[in-house]
Amino acid sequence: MFQPLRALPARARSQISSGRSKRIAVMATASILSLGVVGAPRGSAATTTTPGGSSVVTRTYATPRIPDSAFTISAGAEYVSPSGSDANPGSIDAPFLTIGHAVAAARPGATIVVRAGTYRESLGSITKRVTIQAYPHEQVWMKGSVPVDGFVASGSVWVKEGWTDQLCHTCFPRAAIDPSYPAAGLPDQVFVDDQPQTQVLSSQQLVPGTFYVDTQHHDLWLGSDPTDHAVEATYYPIAMQFNGAASGSQLLGIGVSEYGPEFDYRVPAMVVANTTNLTFENDAFDWSASRGLSVLRAGAVVERSSFLDNGANGLHANTADGLLVMYNRFAYSNYQHFSTAPSATASIAAVKITSSRNVVVKKNNVDDNNSTGVWLDINVYNATVVDNTVVRNAVMGIMYEISSRGLIAGNVVADNGKDGIRISGSTNTEIWNNTLSGNGGSQIGVYDDSRVQHDARFRKLGITWNTTNVRACNNVLADGPDTTGPLFDSFDASRPRHLTTLQMVSADRDNMFVRSGPTTTLASWQTTLRSTTQWPTLAALQAATGREQGSSTATDPGLGAVPQSSAGQFVLHTSGLALPLGAALPPGVAAAMGVSGPVHLGAPDPAP
């Protein structure tokens, strides 16, 4: 079982380039703003409403795939196959049947090679160093669901009697639940022909596409006719937890799906990394009832993996010093619609990292999550967030909160529901060379609030929870059709106020402000402890504060009409050009927009 963990020393990491060379952010101007940088969602969606008021989202899903892999197979490896037997010796010609048996039989340091297929099992606690990897180019899925049949019609709905599982139906705080989605905290999941069904809270609320679990009478109800259809229901809460002597283990090329971990942190995720120096590469973490992967110790690497359709978070990490998160895709997190409102339990993001040092989040695609994209929070120290594409997330793009020494550089942050980059209660934070455009709130927001750090150990590191020494330079800040805030927003929410923007932001220059018209406020800053001031023009801001030296402005009247683009491309609104990420802006287009020098469109595509 999961237990509270203490922080561990960081493992040394190679120096990460921050990309601070002078250029026009990572994109020439947000008149070049992008949609579709990582491709369209997996299918179309339509929403209906149940009699009880719950939303039912119907979407056509492509066959889920694990990132392809071809890992070297070491001599003496053990093999697992759906055609095997646990009575076999585990050789390639006589493989085991289950991964769990292979782990139990393996010596420390062993490699377990798994052939293509679906393995419905829970490995529990792994306490020896092992490598579990897919056979080259084969798709291996561990599923926490089991096939269910024996449904009987009951009026216009269907019931399976005698349904039991291993899930906890009370392991969530009420504050985490959005009243519009009262079933969010329940770990049950049902799939009919791989299509997810929506949970309701009584059999009277059933309509096609929904299900209900009667835990008192052990019944599973369906609103859709299961005849001649494959029905799967989540049974296991967890796939595996690496503990203690499993340090150095690897999970390579494995898909993990349809488990029911709890929102409370006793069983926090489908896969739990509760020991040091673990590697997760070319894996898939899909359809968790809450979190896909939880990293709770130092030295983990999470690389080239996909995190799709998880109920709460894709990746969750705490006391995960030295964590490296690179070349992953995070999409469609918080499909259960946990509350994203500020509260003591607020924790929903595609990537949520807390209380960790020397973290690197680099070259990931973070798109279309019903949450914040990347959120570093609560005493994170010396984090690097670079070259990510963070688009179309429902809340913030990137948040750095009550932490210190953050570097946020070279990211493309576009079309998120609220602020593009939000700094709150954090010190010594650098915001360099980012392209921010079309975010619903402000493109950059720097704020403070009433929280105060009382722990002297953290204060010694500069983690005071007071926003100071933020540097915002060489970024593109552009509005969009849904932008409601100023391009650069800053204020102190403390009462009484104790910081002005000029005290919070120590340097800001060489930024480009792009507006679709004169109605968008360029900046709103806390100019005194009594008032904020809004500036309609860059000249007025410069004259009043002496700041934003070297910055410039541009107007893009075409910003309101955003053409679609194909995966990995930006569309230039002024010219209609579609260019790949990392491409140079044509000199003629750059000159027409008043931009000089070599200009590149965003971070390179995160694909290796």
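Is Arg422 buried, partly exposed or exposed, and what is its relative accessible area? Arg422 is partly exposed, with a relative accessible area of 24%, where buried stands for under 20%, exposed for over 50% and partly exposed for the range in between (1.4 Å probe, protein chains only).

This is a predicted model, in which local features need pLDDT of at least 70 and side-chain atom pairs count only at pLDDT 80 or more, while totals for chains, interfaces and linings use all residues. Residues are numbered from 1 along each chain as its sequence is written, and side-chain values use heavy atoms, with hydrogens and water left out.

The search of the whole structure finds 18 salt bridges, a salt bridge being a side-chain nitrogen of Lys or Arg within 4 Å of a carboxyl oxygen of Asp or Glu. Three of these pairs are set out below.

| Pair | N to O distance |
|---|---|
| Arg422 and Asp419 | 3.1 Å |
| Arg471 and Glu430 | 3.2 Å |
| Asp449 and Arg451 | 2.8 Å |

Asp419, the partner of Arg422, is buried at a relative accessible area of 3%. Arg471 is partly exposed at 29%, whereas Glu430 is buried at 16%. Asp449 is buried at 17% relative accessibility, and its partner Arg451 is partly exposed at 27%.

Elsewhere, a network of salt bridges links Arg120, Lys143, Glu232 and Glu258.
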